[in-house]
Amino acid sequence: MTPASDSEPTSEPSSAAVSDVDGRLRAVFAEAAHDITPNPLPLAAVRRRGRAHRRRRAVTLAALAVLSVSGAATVAELSLSAPRTDDRAAPAPPGPSTSLPATPATPATAVTGRAGAPPVTEVRVVRPGQRVDAGRGWTVWLTAEGKHWTGADGYENSRSVTDGNIDTAVPGISYQSEGDGTGTFHSGLYYGTRSVGRVELREEDGRTVPAELLELPGRPGWGVWYVYTPAAPGAGSPDRGTADLNLYDRAGGRIAELPGIRGNR
C-alpha cells in the first residue's frame, strides 16, 4: 500500500467539532460580559436640558404675544384718531326755485383749456325770437329765417339765411355795421361750421376785439356774432378805418375771413 502524499488535501472538521468550538466561545464571552458594569443614564442632565428648552419657548411665546397686543393697540389708536370719510356726498339743501328774467349780454369771454390751447368763445344758445340785449340800445334775436336786430331808434333790420345769398355748407361770415359819434355796432352771420371757436374783429390800429356768439338750439350750422366798439378818442366820426373780420374753429384754425371791411356787407 502506497503511503499518502503531502500534496493531498486534508479533510475539513466535522460539524460537531465546529459546534463544540462555537459553544465554548459563547461561554467565554458571556463570562467576560458579567464583569462589565454599564455607566448610569444621565437622567438629571436630560431633565435640566428639557426644563431650559421649555423656559426659552415660553419666553419666546410671551414676547410674540406682547408684540401682537401692541400692534393691535396701535391699529386701534390709528382707527380711532383717523377722521371718518364717506364716499357719498351729503345732499345739498334745496334752494328756492326762481325764474329769472333774461340778463343783458356781457362782453365775450375767451375760455382756455390746457396750456397753449387757442381761446374759445362760448356760444350762447337762445330760443327762436328770444330778444338779447346787446347793450347801448341794441337788441338781437334769431329765427329760423336768420338774424334780426334793432337799434335805439327802433328801426328793425334782418339778414336771411334762407334767401339763397349764402351757402351754409361752406364756412363763411357776413358783416353789417351801424354807428354814430359814440361808437359802432358790428354784427353779422357766421355759417358752414358746427365747431365755431371765435369771431374776431381786428381794427386798423391793431386792436383785436372778440365778438359775442348766438345760436339756435340743435347746432343748426350757423349763428350770429356781434360786438360794439367805441369811437376813437378825439374823432368826430365812429369810423376807425378798415378792419379785418376772422372766423376760427375750436382748434384755433381760421376757416373764413373778410379783410378790409368798411360799411355794410
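## Arg136 and its loop

Arg136 sits in the loop between strand S4 (132-135) and strand S5 (138-143). Strands here are DSSP runs (E, at least two residues), and helices are runs of H or I (at least four), numbered from the N terminus. Arg136 is not a glycine, yet its phi is positive, at about 55°. Arg136 is exposed, with a relative accessible area of 57%. Exposed means over 50%, buried under 20%, and partly exposed in between (1.4 Å probe, protein chains only).

This is a predicted model: local features need pLDDT of at least 70, side-chain atom pairs count only at pLDDT 80 or more, and totals for chains, interfaces and linings use all residues. Residues are numbered from 1 along each chain as its sequence is written, and side-chain values use heavy atoms, without hydrogens or water.

## Arg219

Arg219 also has a positive phi, about 50°, and is not a glycine. Its place is the loop between strand S13 (212-215) and strand S14 (222-230).

## The nonpolar core

The largest nonpolar core has 18 residues. Such a core joins buried Ala, Val, Leu, Ile, Met, Phe, Trp, Tyr and Cys residues through side-chain atoms within 4.5 Å. Val140, Phe185, Leu214 and Trp222 touch the most other members. S4, S5, strand S10 (183-191) and S14 each give two or more residues to this core. S14 gives the largest share, 4 residues.

In soluble globular proteins, nonpolar side chains tend to be buried together.

## Arg51 in its helix

Arg51 belongs to helix H2 (residues 43-81). Arg51 is partly exposed, with a relative accessible area of 39%.
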